[in-house]
Protein chains: 2
Amino acid sequence: MKNDKIKNSALHEKEGISPPEIVSSNAVETIKNFRKKQPSSQELIEGILNGNISALSRAITLVESTNASHLAKANEVINACLPYANNSVRIGITGVPGVGKSTFIEAFGKQLTSLGKKVAVLAVDPSSTISHGSILGDKTRMEELVKDHNAYIRPSASGETLGGVARKTRETITLCEAAGFDTILIETVGVGQSETAVHSMVDFFLLLKISGAGDELQGIKRGIMEMADAIVINKADGDNIKKANLAKLEFNRALHLFPTKKSGWTPTTSTCSSLTKEGIKGVWEIIEKFLKLTKTNNYYFEKRAEQNQYWMLETINEQLKTNFYNHPEIQKLLESTKKAVSTDEISPFVAAQELLNVYQNYKKLS
Amino acid sequence: MKNDKIKNSALHEKEGISPPEIVSSNAVETIKNFRKKQPSSQELIEGILNGNISALSRAITLVESTNASHLAKANEVINACLPYANNSVRIGITGVPGVGKSTFIEAFGKQLTSLGKKVAVLAVDPSSTISHGSILGDKTRMEELVKDHNAYIRPSASGETLGGVARKTRETITLCEAAGFDTILIETVGVGQSETAVHSMVDFFLLLKISGAGDELQGIKRGIMEMADAIVINKADGDNIKKANLAKLEFNRALHLFPTKKSGWTPTTSTCSSLTKEGIKGVWEIIEKFLKLTKTNNYYFEKRAEQNQYWMLETINEQLKTNFYNHPEIQKLLESTKKAVSTDEISPFVAAQELLNVYQNYKKLS
């Protein structure tokens, strides 16, 4: 009876929490045992370096937390993992809804694991706070990859700002790499600035397209096209093959309008089918060529160094804002000041200065 | 002899300083007299409210200064001017180099002053620090407007960041309005994010185009097209008229692909010639229609309130960064930390946290 109750309440708790990671079913027991206690930083670090998925998932949860003590622990884990990270290729994958990102990742991920690679699939989706994950949400589309022991799928962190969501994903990459994942796929949707954020954390940026989606749609994505190292036209199967090949030519022509890339790489266009798997292998071959070139001409390493600096500065800038806007005195004054500014009672610049003065004075006292 | 020397040295000083404002020649004496002394805030405020161009120019110079005591004085002047500001229409004008922005502004400005308006022409050009003003630099293209008593032309503020340059221009608007200018034209070039900055300080956004500039060029500007309230095809004269009319139709079709604007306004397309003045009057008529609509449906006022809030937050965010990165302790550590981050000795996130901790601790002591 007592045993039953414990079992039931434990089950009940399980139901309430949606497990953020997707692992093969035989790992569930390990997770259950692991979840019972709050592991120390040292335990997490050891777990991650041993490739323990539960430890990895818990550390990612710490990274995503807004709790200050969690963040301190997360930083400790990240710094300890750092010497064991960076040995991966980071691939960004974008495309508007409907191009088949999930099915492509499923097919591409399976191709990679068949080559003996360990694949982590992450996402940057700032809309997930509201929609509870519009991408990587529907795991049923990746049912093969979900079951794969050499794959780890983690949905987007949630957060109020794209910057925050992206930063957490960037930190998650380090943890995944330390856990032995050598190929990191980062999915994003064509919403706002999320591609730019993903572009600044990957080595290779892949733009997924389909044929016949209309010129207007394609045109609006030109900014994204400029970032792409490869354009892959998906759904090139059945009646679509001819159209996909035409689209490939068209995109190839369009790509030539952009200036030469700093990487020395000429972006490629190709077609593939996530259904028939035709062309999927070719995508990895393109990436291998890219890596060979950019590791030879040093661009690969320079870009990673630049990206690291970028994320340091981004983190500082974001934290400076968070500290300011979350300060109790600023919170007291912000709404009324905004109103005064709206009605031209005070100039936006003078109002800003006044709030900054309040903040400065309280900081000195705190 | 003594007189001569004074004259010479005074003349010499004049040559060394490039006068930032362009005023009619008969105002030069007034400026000379005014320049001799450092006016008080009160004198500047009175001067501005009396429409004194020298006082206006000096106040703008204070706004543009990086000296802390100048900024305090500038804030005092701005806040005193605020109740007399805001009675203007603010028009953003953009277009890639070669569309004839300067000649359009000359023709459009003259049209406005002929209607009895007082026109201030400002610019947001973050490249001006390096190029010493690529726009509004060549005053010879605006020789008619330069001589006009009812026009005031001020080149772009210089600065290291677009945010800083744009903020100074936004503050300058307030001063110009208080000095009696009822039509503010803000020119910008199609470089980086400068259009977005200008868009956030104007009521009406005008995109200048020319026919036959190539589809690729036009296409890349789609982001800008989305912000435009009017697309005006310039250089519609001589052999160009037919092509300009075709371009007008094409742009009109393209505009229909964008979602309806919050303002309720349907963007217009028209042609004009800065040479023959054909269509220049029509541009103002379009803006008048826009103002009538948006003042009736309240969008005009809501947008200004939103813009004020935006500039307050922008100013705060920029200042928080300036305070941090200019702090002596951070300046000591920043380069070495950037290097450690580049070489993966420390994680970008942990490095950011460490710098923030240093800053926080020194702040408390200062």
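## Report on a predicted two-chain model

Among contacts in chain A (heavy atoms within 4.5 Å) between residues at least 6 apart in sequence, 74% join residues at least 24 apart. The model is predicted: local features need pLDDT of at least 70, side-chain atom pairs count only at pLDDT 80 or more, and totals for chains, interfaces and linings use all residues. Residues are numbered from 1 along each chain as its sequence is written, chains are lettered from A and ligands numbered from 1 in the order in which they are written, and side-chain values use heavy atoms, with hydrogens and water left out.

Chain A holds 17 helices and seven strands; these are DSSP runs numbered from the N terminus, helices being H or I of at least four residues and strands E of at least two. Chain A has 366 residues, of which 52% count as buried. Buried means under 20% relative accessible area, exposed over 50%, and partly exposed in between, with a 1.4 Å probe and protein chains only.

Within chain A, the axes of helix α4 (residues 53-64) and helix α5 (residues 68-81) come within 8 Å and cross at roughly 130°. Axes are lines fitted to C-alpha atoms, for helices over the stretch in contact, and angles run from 0 to 180 degrees between N-to-C directions. α4(A) and α5(A) are therefore oblique to each other, the class left over when angles under 35 degrees count as roughly parallel, over 145 as roughly antiparallel and 65 to 115 as roughly perpendicular. Ala59(A), Leu62(A) and Val63(A) of α4(A) meet residues of α5(A), including His70(A), Leu71(A) and Lys73(A).

Most residues other than glycine have a negative phi, and most peptide bonds are trans.

| Residue | Phi | Relative accessible area |
|---|---|---|
| Asn86(A) | about 75° | 17%, buried |
| Asp344(B) | near 60° | 27%, partly exposed |

Asn86(A) is in the loop between α5 and β1 (89-95) of chain A, and Asp344(B) is in the loop between α16 (328-342) and α17 (348-365) of chain B.
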